[in-house]
Amino acid sequence: MPHTFIILDGHPNAFIPTQRIDNTISPTHQLPPLPLWACMVQGTIEFCRVAWDIEQSKKNTINVMVAGGSAVCLNNSSQQSIRILQQQFPLVQPRQAYTHDRLQPTIELALSKYLEEVTETDILKRCRIVLVTLAKQPNEKSFEFRNNPEDPIRDIRSMLYESLQKMNKNHKINHVQVDILRLLPYDSTTAKLPNKITSKQISTDLTMSVYSIPNGKDDLKYAMRHLSQLYYNINLLHISNIPMKSAENTQSTQTVTLYYQANGKHLINQQEPLLNSFIHDPKYLKYRELRLVYAKRSKRALPESEWCTCMHSISPIKLHDLATEVYLGMTFKGSISYLVTHETSLSYTHILMAQDSGIFLHCLNSQLQSQFSECEHSSIGLVGTSTTYEPKTREMMDTLIRPNLFETVHTFLSDPHQSRTIPLNPFRFSHHLPIMTLNEKGLCTSPWIEKSTRWRTCFRDCEGTDKFPITADTHRPIADLAIDVLNGNPSSSGYGIAFGLMHDLLEQLQDVLLKQAIAQKDILNTENLINLIVSQLVNGVTGKSQKMFIKGITKEDAKVLSKKLMVGLYLVGKRFMKDSEIHEQLCKYLLHTIDTNSELSSSSTTTTITTTKDEKEPIKSEEALDNVWGQVNRYENMSLREKEDAAQGYLPDFKSEEHTTAAAAFSGQLPPMIPKVNPNFKSRRSNNNNNNPQQQQQQQQTSQPNYNRNNRYNPPPPPSSSTHKYPDPASAVPYLTYIAPTLEEKALEERQEEEALGNRGNLLWLYWMNDKVKKRGNNEEGDLSSGTELVYKNHQWKRIKKEFLGRTAQPGEKGETI
């Protein structure tokens with residue numbers, strides 16, 4: 001909460017008696033006039049009492065100062081009690097006037113005390129100052145102030161601005177809010193009061209308000225009380241129809257008025273004070289009142305009234321009221337009051353009870369209670385009506401709901417994980433495009449719910465989608481299966497996928513990864529647990545063992561289930577990697593273990609198929625492998641223009657490699673490798689034409705094969721270096737050196753383009769990214785763009801790589817992938 005300073009004007013005019021008479025009270029009951037100093041003391045104590053009594057756990061810091069001959073602070077930050085203020089006020093009574101400036105040094109002292117107590121962890125450094133001043137002349141208004149009646153007028157705005165600039169040389173105060181309550185010692189009525197000024201922004205770090213207070217006995221007390229309510233969000237609670245017995249044993253009903261701390265939904269759309277109302281009017285905050293009717297009291301809470309939306313601390317508004325003392329005394333002894341909004345209400349809406357040496361008002365929510373009860377009863381129907389789905393319901397309750405239930409409010413407040421919230425992005429692992437954008441604050445939830453939801457998405461997505469199902473016929477690696485888990489509609493909710501001993505092992509791993517901080521001593525045990533889980537799943541995939549599952553499951557079902565669980569673990573490693581350094585270490589170990597074991601399992605299943613072929617044709621397979629690698633290397637070394645020609649079917653001629661071991665058969669009878677020449681090619685710079693007889697003769701010789709007398713082909717002699725000359729296209733040299741971008745560079749470029757469109761889900765983002773996302777699909781966080789696109793081919797969805805724009809790779813070519 002912001003630090004508050006109350007500065008009182010220590011001028012002798014504070015002992016001028018009050019003059020305004022309350023016409024609502026009979027003259028015979030009127031008290032003698034009080035000095036304005038008594039009103040200032042009473043109003044200051046009322047301001048502090050409202051702020052201190054309502055806060056049970058941590059006191060709101062308030063320092064009271066008097067601007068007399070020197071600036072005097074009546075209490076420090078550790079002396080936050082009414083008793084200390086009552087002891088200090090008689091020592092600082094203003095009995096003498098001073099010619100030097102009194103107000104500005106006191107303001108500077110207040111700002112310096114705030115800078116001494118502020119810490120570096122405070123993100124927003126702001127404080128509030130309440131100036132209770134005395135009008136020395138009847139014509140004072142607005143931000144005017146006189147040190148003495150005969151002194152010239154000074155501007156309080158300039159005083160505060162200079163003090164703030166002086167204090168901000170070494171430290172920065174973000175904002176100071178100043179409220180000036182000017183007491184009018186002369187006789188004044190409401191019609192003659194100057195207009196109030198509310199929330200006037202003087203500079204970026206200074207806001208001021210001015211209120212004129214008449215010289216009535218209780219006017220300043222009401223003004224300070226209302227100002228404290230506005231500062232600390234405190235409302236009034238009226239409880240009527242409380243049955244009580246008088247001294248004559250006569251039954252009567254009483255009304256008790258209390259303060260309650262407004263929070264939660266009570267702070268939404270609160271009405272501001274009216275412009276034509278006065279802060280000293282008792283009805284100034286009439287709209288911030290809650291009226292309830294007493295229904296019954298009991299010593300124990302009803303079971304149907306346990307759900308509440310908010311809880312508010314309570315303090316009395318009248319300290320010496322007999323009805324208030326009796327009612328709060330009964331409450332402290334264990335009496336629980338059940339309250340309703342109207343006398344005709346059938347259900348209780350509020351409960352007032354004592355708890356942890358304080359009194360709290362609980363706002364019940366019967367609608368939330370009925371909705372949760374309906375959800376609990378129909379939870380089995382959400383996942384299925386058969387009894388086989390009951391483990392899914394039990395797992396959902398144990399994972400998300402039961403860890404967030406507390407028997408008492410004390411256990412809820414003592415839980416360290418519930419004291420803070422973290423942001424939650426509902427579109428983080430969505431299978432569809434976002435159709436809405438989040439506000440700046442976004443959605444927040446507890447850390448446990450966020451981590452549990454993230455864990456559950458891993459085992460929801462591991463069961464595949466309608467576009468990319470995970471079946472026994474799926475022979476893709478685990479890492480590739482984890483790429484397309486967000487493309488399509490999910491096949492299951494993710495509850496109850498693992499059962500038997502494997503479920504227990506996954507629960508142990510879940511307990512470790514869902515922690516906020518993992519201890520160093522748990523790393524080795526967690527790595528051993530990962531090795532055990534992955535090894536058993538590999539045995540299930542290969543069909544060697546299925547003892548970790550329940551009895552009765554078939555061998556094929558165990559293989560598919562083991563493969564799905566390995567995909568789920570792979571997603572766990574990717575989605576929990578950024579939680580902490582130890583999380584990153586364990587997740588990398590998990591991914592490495594899965595990749596290593598999945599390669600071994602896939603190689604063992606394909607060994608029996610490839611062994612027979614390798615035994616029959618070992619030399620042929622090696623030559624084919626060399627030819628394939630040669631083609632790949634030649635294609636990678638092509639220029640951009642040569643690759644475009646290759647896409648159209650015009651392949652360049654390459655010199656075949658001669659093997660020294662054995663010469664190719666019938667090598668002398670093969671036709672010569674004649675370079676291809678475009679006869680229509682003409683140079684733009686040369687004036688040579690085709691009428692040159694020497695050139696025509698050379699072309700005829702190169703175009704006709706050379707045969708001897710026995711009609712046998714003789715290979716021509718090797719051409720000299722001067723055979724191909726310009727404009728012969730065979731002498732052209734590629735001039736384009738194309739360097740393909742890396743996957744990281746592509747991902748960075750795509751990320752920058754997407755960030756330039758704004759938040760995901762806005763209209764501009766959907767317009768430009770709709771088609772692109774449909775083509776590339778939804779990627780997992782951290783996955784680099786592979787350049788592949790989703791296509792529906794041969795009655796199934798595949799990922800293919802486009803070699804060039806508008807052309808997809810054909811079957812058997814390098815670009816086609818599954």
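View 1. Strand E4 (residues 126-134) and strand E7 (residues 175-183) run in the parallel sense and share 9 bridges; two strands pair if DSSP finds at least two bridges between them. Strands (E, at least two residues) and helices (H or I, at least four) are DSSP runs, numbered from the N terminus. Please keep in mind that this is a predicted model, where local features need pLDDT of at least 70, side-chain atom pairs count only at pLDDT 80 or more, and totals for chains, interfaces and linings use all residues. Residues are numbered from 1 along each chain as its sequence is written, and side-chain values use heavy atoms, with hydrogens and water left out.

**View 2. The open sheet of 7 strands.** Here the order is E3-E2-E1-E4-E7-E9-E8, with mixed pairing. Strand E3 (71-73) and strand E8 (197-203) are the edges; each has a single partner strand, so one side of each lacks a neighbour in the sheet. From one strand to the next, the twist averages 20 degrees. Angles run from 0 to 180 degrees between N-to-C directions, and axes are lines fitted to C-alpha atoms, for helices over the stretch in contact.

View 3. Helix H5 (residues 219-232) lies across E1, E2, E4, E7 and strand E9 (206-213), and runs at about 170 degrees to E4.

**View 4. Helices H20 and H21 side by side.** The axes of H20 (residues 743-755) and H21 (residues 763-776) come within 11 Å and cross at roughly 150 degrees. H20 and H21 are therefore roughly antiparallel to each other, a label for angles over 145 degrees, while under 35 is roughly parallel, 65 to 115 roughly perpendicular and the rest oblique. Glu750, Glu753 and Glu754 in H20 meet Trp765, Met769, Lys772 and Arg776 in H21, where contact means heavy atoms within 4.5 Å. By class, this contact of H20 with H21 has 2 nonpolar, no polar and 5 charged residues.

View 5. Glutamine 516 counts as partly exposed because its relative accessibility is 32%; buried means under 20%, exposed over 50%, and partly exposed in between (1.4 Å probe, protein chains only). Tryptophan 448 is 68 residues from glutamine 516 in sequence and 8.9 Å from it in space, C-alpha to C-alpha.

Note on methods:
Nonpolar A, V, L, I, M, F, W, Y, C, P; charged D, E, K, R; others polar.
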